[in-house]
Amino acid sequence: MIRSKSRIYGGRLIALITLVDALSSCWFGYCQGVFAGVLVSDNFKALFPEILDANISGITSSCFFLGAFVGSIAAFFSGDKLGRKKTIAWGLLFNLIGATLQFLAWHQPQMIIGRLVNGFGIGLTSTTTPVYLSECAKSHQRGKLVVIGASSNVSMFAVANWISYALYSQGGPFQWRFPLAFQIVFFFMIAPLLVLVPETPRWLLLAGEDKKALEVLARLAGKDIATNDAIVTAEFRSIKVAIELEREDRTPIRDVLCFRDKTHNFRRLILSCGTQLMQQFSGINALGFYLPTLLTETVGFNQEMSRLISAISSTVYLVSAFGSLIVIDRFGRRKMMLYGAITMGVCHVIASLSLRESEIDISKRKLMGNVTTAMFIVYHVFFGTSFSSVPWVYSAEVNSLGWRTRGAAAATGTNWLFGFVVTQFTKVGIESLGWAFYLIFGVLCFCYFPIVLLFYPETSRRTLEDMDQMFIQNPSIFVLGNAEMTQRRRPTSFADAEAERIARV
């Protein structure tokens, strides 16, 4: 039987789904970058004098992360019930409301409420869109396509910084209201696309919509592909049997939390949360929200130069993040995290020691300030090619189908919760600890190397259904020395298991 013809199929359909993820990530990245420029606006500080207090400034910035954390928890409990598309749609609506409240704010409480609501929406979308894309993409494309989304996040982070620099000479409320209002354009870009794309075949099978799932698989396969095409039916059977096996082996939640289920769902959830925790405690948001402030108050640059350096740094970050497209499937997830841990740690240590030297010898302040600035820019190169994208890809891949939304939600929630912690205490930490504050991030980055080396399996070149097989066959929490868990190439045992699943139906 040939499915009903559609103008959007195959590569075009995947491109649209990727665009939904990428534009959602753009909104996410813009929100992360825009407030750094808002905080140093003279008109903003005059209208909201409360933010001159470090604690109030921290909560005004970081409440966005708190809202996003609650949004990701909402996705944890409702994502599988609503489906991927509806969850994204609700997220977009909350984003629109929150953005409107912010750019129209005249009082501090309204600004905080707007950032909380906007954050809640971003929590829903940032949890769901990577899962949506990963459930539609082929295994050999999945890493690169999800990285496009993560890199798009960085592109709008850079745009937000350049807008801040461009408006430096613009006095009055326009200097900060326009950047906050600009984000509304994303709603009108994403919403029409969401209408055109289907629900994921894996969620449709999970919801018992077998016929619709088969039709979507045929659309994803290409133009005028029959629903009884051999490749389409083989993929359908593989996914369906994997879901049935997971349901047959469903374990009480207490046993899951005690690591007594054979697919190790809680272990996989912890691994995905761990990547996001490492991302946040690498110091990226400490720089993202406060780099202009740090360069002005600690390094000694004027406000115009601080904004320019922040914009240049974010552009370097953007180029590096898109550079990870080239390497993420070539080198795999493990190697990128290992390399990132060491290189980011080195950057933080050099920057911290340079700041210390400038405090000891005031005559070296300019020289050491330049070294510190250079290290922060180089840090963005290494972060952009490693921990910028890998955590989003990893959390969308490593969890089982029944736990994929919950796992991604828990991982994203971890990102937002600790993003809140880092952003809330960065300014206070810099004021209290000075140069030693960034040394803390350096030490933490070095600690990530043995953690990844010992505990994190490779997920590239595997189908999403391979992940269950990987943990069933290799129950040990230690992966070092186990080729099936660490090699980039897909193990033959996983291909054999897939053939068995197909043959069962």
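Reader: In this predicted model, which cysteine holds the sulfur closest to that of C136, and how far away is it?
Author: C136 is a buried residue, with a relative accessible area of 5%. A disulfide requires two cysteine sulfur atoms within 2.5 Å, and the closest cysteine sulfur to that of C136 is too far for a bond, since it belongs to C26 at 19 Å.

Reader: How many disulfides does the count come to?
Author: The sulfur of C136 is too far from its closest cysteine sulfur for a bond. With the cut-off at 2.5 Å between sulfur atoms, the count of disulfides comes to 0.

Reader: Which residue forms a salt bridge with R333, and are the two side chains buried or exposed?
Author: The closest N and O atoms of the R333 and E397 pair are 2.6 Å apart. The pair links distant parts of the chain, 64 residues apart, with R333 in helix α15 (residues 303-360) and E397 in helix α17 (residues 390-397). R333 has a relative accessible area of 0% and E397 likewise has 0%, so under the limit of 20% the partner of R333 is E397, and R333 is buried, as E397 is buried.

Reader: Where does R489 lie, and is R489 buried or exposed?
Author: R489 contributes to a positive surface patch together with K144, R330, K335, R461 and R488. Its place is the loop between α21 (483-486) and α22 (492-504).

Technical notes. Residues numbered from 1 in each chain as written. Predicted model: local features only at pLDDT ≥ 70, side-chain atom pairs only at ≥ 80, totals over all residues. Heavy atoms only, no water. Patch = residues over 30% accessible without salt bridge, like charges linked within 9 Å, V, L, I, M, F, W, Y side chains within 5 Å. Areas by Shrake-Rupley, 256 points an atom, 1.4 Å probe, with all protein chains shown as cover. Salt bridge = Lys/Arg side-chain N within 4 Å of Asp/Glu carboxyl O. Lys, Arg positive; Asp, Glu negative; His and termini not counted. Charge placed at Lys NZ, Arg CZ, Asp CG, Glu CD. Helix = DSSP H or I, 4+ residues; strand = E, 2+ residues; numbered from the N terminus. Buried < 20%, exposed > 50% of the residue type's maximum accessible area, 1.4 Å probe, protein only.
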